[in-house]
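Reader: I'd like to learn how to read a structure like this one. Can you walk me through it, feature by feature?

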Amino acid sequence: MANPDWQDPGAVRFMLDDCETWAVVGLTPNPARTAYSIAALLQERGKRVVPINPDGAEVLGEQGYRTLAEVPFGIDVVDVFRRSEAAGEFADQAVAVGARAVWFQLGVVDEAAHARTTAAGVPMVMDTCPAIEWRRRGDAP
């Protein structure tokens, strides 16, 4: 069972309503991947999507970058589509680059990363998805 702090409604609301630029870690040009469909949904909702992938590939018409540190503008949310054991480093990088929030997707949980990130004053949610949260509040995609 998820820890309620992982899906704090205030943090979810802040990210969905007040954050515009979403760096999506693990977003590649493969439309069969969940990251691709969620990034497309974020764009439909008016969010700027920044692909973060090893190739720095362009995705959904947006310039990609190999690392968060390479992004030459501010990032509001770092949205992580990586296995739990690999995700924590991206939370740390998000804090290092001054991102305003961190979102770990459905099934991605790293309690230590959550503790570090929130202790640094950066809101973080884990083990959920923007599509689920929009649907939960009656704002279905």
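Predicted model: local features only at pLDDT ≥ 70, side-chain atom pairs only at ≥ 80, totals over all residues.

Reader: Okay. How do strands pair in general, and in what order do the five strands stand here?

Author: The general idea comes first. Strands of a sheet pair through backbone hydrogen bonds, either parallel or antiparallel. In this case the five strands make an open sheet, ordered E2-E1-E3-E4-E5, with parallel pairing.

Reader: Which strands stand at the edges?

Author: Those are E2 and E5 (124-125), each with a single partner strand, so one side of each has no neighbour in the sheet.

Reader: How many bridges join E1 to E2, and what stands opposite tryptophan 22?

Author: There are five bridges between E1 and E2, and the two strands run parallel. Tryptophan 22 has valine 49 of E2 opposite it.

Reader: And what about E1 and E3?

Author: They pair over four bridges, again in the parallel sense. For a landmark, take alanine 23, whose bridge partner in E3 is valine 78.

Reader: Let's carry on across the sheet. How many bridges join E3 to E4?

Author: Four, and E3 runs parallel to E4 (residues 101-104). Here you can look for valine 80, which stands opposite phenylalanine 104 in E4. Then E4 and E5 are joined by two bridges and run parallel. Tryptophan 103 has valine 125 as its bridge partner in E5.

Reader: Which way do the residues of E3 point, and are they buried or exposed?

Author: Val77 and Asp79 point one way, Val78 and Val80 point the other way, and all of them are buried.

Reader: Now the helices. How do I describe two that pack together?

Author: Two packed helices are described by the angle between their axes and the distance between the axes. For H3 (residues 84-97) and H4 (residues 111-119), the axes come within 9 Å and cross at roughly 10°. That angle is under 35 degrees, and H3 and H4 are therefore roughly parallel to each other.

Reader: Which residues make the contact between H3 and H4?

Author: On H3 they are Gly88, Ala91, Asp92 and Val95, and on H4 they are Ala113, Arg116 and Thr117. Sorted by class, the contact of H3 with H4 has three nonpolar, two polar and two charged residues.

Reader: Which strands does H3 lie across?

Author: H3 lies across E1, E3, E4 and E5, and runs at about 165° to E4.

Reader: Which residues of H1 are buried, and what do they pack against?

Author: In H1 (residues 9-18), the buried ones are Ala11, Val12, Phe14, Met15 and Leu16. The buried residues of H1 pack against E1, E3, E4, E5 and H5.

Reader: And which residues of H2 are buried?

Author: Along H2 (residues 34-44), look for Ala35, Ile38, Ala39, Ala40, Leu41 and Leu42. The buried residues of H2 pack against E1 (21-25), E2 (48-52), E3 (77-80) and H5 (130-136). After H2 comes glycine 46, with a positive phi near 90°.

Reader: Last one: what is a disulfide, and how many does the structure hold?

Author: A disulfide is a covalent bond between the sulfur atoms of two cysteines. This structure holds zero disulfides. Cysteine 19 is in none, as the nearest cysteine sulfur, that of cysteine 129, is 16 Å away, and a disulfide needs the sulfur atoms within 2.5 Å. Cysteine 19 is buried at 0% relative accessibility, and cysteine 129 also counts as buried, at 8%.

Key. Residues numbered from 1 in each chain as written. Heavy atoms only, no water. Buried < 20%, exposed > 50% of the residue type's maximum accessible area, 1.4 Å probe, protein only. Contact = heavy atoms within 4.5 Å. Axes fitted to C-alpha atoms, helices over the stretch in contact; angles between N-to-C directions. Parallel < 35°, antiparallel > 145°, perpendicular 65-115°, else oblique. Nonpolar A, V, L, I, M, F, W, Y, C, P; charged D, E, K, R; others polar. Pairing = 2+ DSSP bridges.
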